[in-house]
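This report goes through one protein model part by part. Look at the sequence and the structure first, then read on.

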Amino acid sequence: MKNISYQFLSLIMVLMAVWSCQEDTELHTEVSPVQTLYAPENNAYMNLGAQSSAIFEWEAAKAADNGVVLYDVVFDEEGGDFSEPLFVMPSDGRGMQRTLTLPFSELNRIAEMAGIQPEGVGKLQWSVQSSKGINVQEILDIRTIEVERPAGFPAPDELYLTGSATEAGEDLSNAILMKKTSANTFEAYTSLKAGSYFFAERNSGEPGTYYIEGEKLKAEGETAYSGEEKVYRIRVDFSNGTTEIHEIGDVELWFAPNGEFLTGLPYTSNGIWAVDDFPIEFRQESWGRDERYKFRFMVTDAEGNTSEEWFGSTNGDNQRPNESTGPAYWYMVPVTNDRWNNCFKFATEVDNASADIQIMFNAEVSNYTHSVTVE
């Protein structure tokens, strides 16, 4: 009988301990909701093109155990109920402070999620949720901010050119990879024919897409091209949402010793110009044989104005290349039209031989470059 009484008392004590622990756990996770938002003021206007940040601030919530409260700032589109917010971010101090400092660049990304177009004006809703990491409290106060987006878009890691007007055709998997020329800019030397084209962030799945309207970069559409098949340089700048298209005309080999263009290089495809089996003869001078050369591109802008663009060596002067010459020797950079400066030199074996000359301006090479090959 005593054993039964002891067992009964032990069970009661265990149950009381468990109940006490559960009550203590509930107490330690209980926080109050955020009652009032302080800043920014309701319907505050922000031009997101400025180099600035937005500061969000709110009244403190209280924890039942007087401990730390964690805060998440939530954003939704205008009229949203926050059941599936566009964006959630912990407050400053890894969620422990009553403020959030958000760069305009990040707020611009949230505005894009809400469907607000570049150069457009729209509204976002924001609020704050409090918790202990669990037991997230309901939203009580909601405010709205009005934002004006800058012209640009967040730049993707890669950009592809595709569509019926392009060399690759409409198969996205064959799209042309554009060369990334800076953190926000891309470029492609390519031909266009009658049809349409657009830019894609990936060459698979359902990527974000962009198109050209006038000189502006727009989201989700295509650009029609109805002219003759021609070679173009297409530039895209995501930082300000602008584009630039220039027609590439004659590409010619300049031979400095004779002060003349020896030959044109016809365009083939994929940003490549080439001439095969072209005879090269150096010029005999009193000091030896001269072999200096560089290239000229004829470029026409959208208004029909034609100008010269010269490409040559990174060095003002060079030695003849040989088998140990590194690839950087062949890199082509913009240079002046000076007859002699920044010229390359043909290798010795090119003299009185026929050479294959190729210019490569595409994303498959680390730097725009060229090659001279003697069979």
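## Confidence

Where pLDDT is low, the predicted coordinates should not be read in detail. The mean pLDDT of the protein chain is 92, and 92% of its residues reach 70 or more.

This is a predicted model, in which local features need pLDDT of at least 70, side-chain atom pairs count only at pLDDT 80 or more, and totals for chains, interfaces and linings use all residues. Residues are numbered from 1 along each chain as its sequence is written, and side-chain values use heavy atoms, with hydrogens and water left out.

## The three-stranded sheet

Helices (H or I, at least four residues) and strands (E, at least two) are DSSP runs, numbered from the N terminus. Two strands pair if DSSP finds at least two bridges between them. An open antiparallel sheet has the strand order β1-β3-β6. β1 (37–39) and β6 (99–103) are its edges; each has a single partner strand, so one side of each is left without a neighbour in the sheet.

Strand β3 (residues 53–58) runs antiparallel to β1, joined by two bridges. Leu37 is opposite Trp58 in β3. Helix α2 packs on this sheet and touches β3 and β6.

## The four-stranded sheet

Another open sheet, with antiparallel pairing, has the order β20-β21-β28-β29. Seven bridges connect β21 (residues 272–280) with β28 (residues 353–360). Val275 has Ile357 in β28 as its bridge partner.

Conventions:
pLDDT is the predictor's confidence in each residue, from 0 to 100. Contact means heavy atoms within 4.5 Å. Axes are lines fitted to C-alpha atoms, for helices over the stretch in contact, and angles run from 0 to 180 degrees between N-to-C directions.
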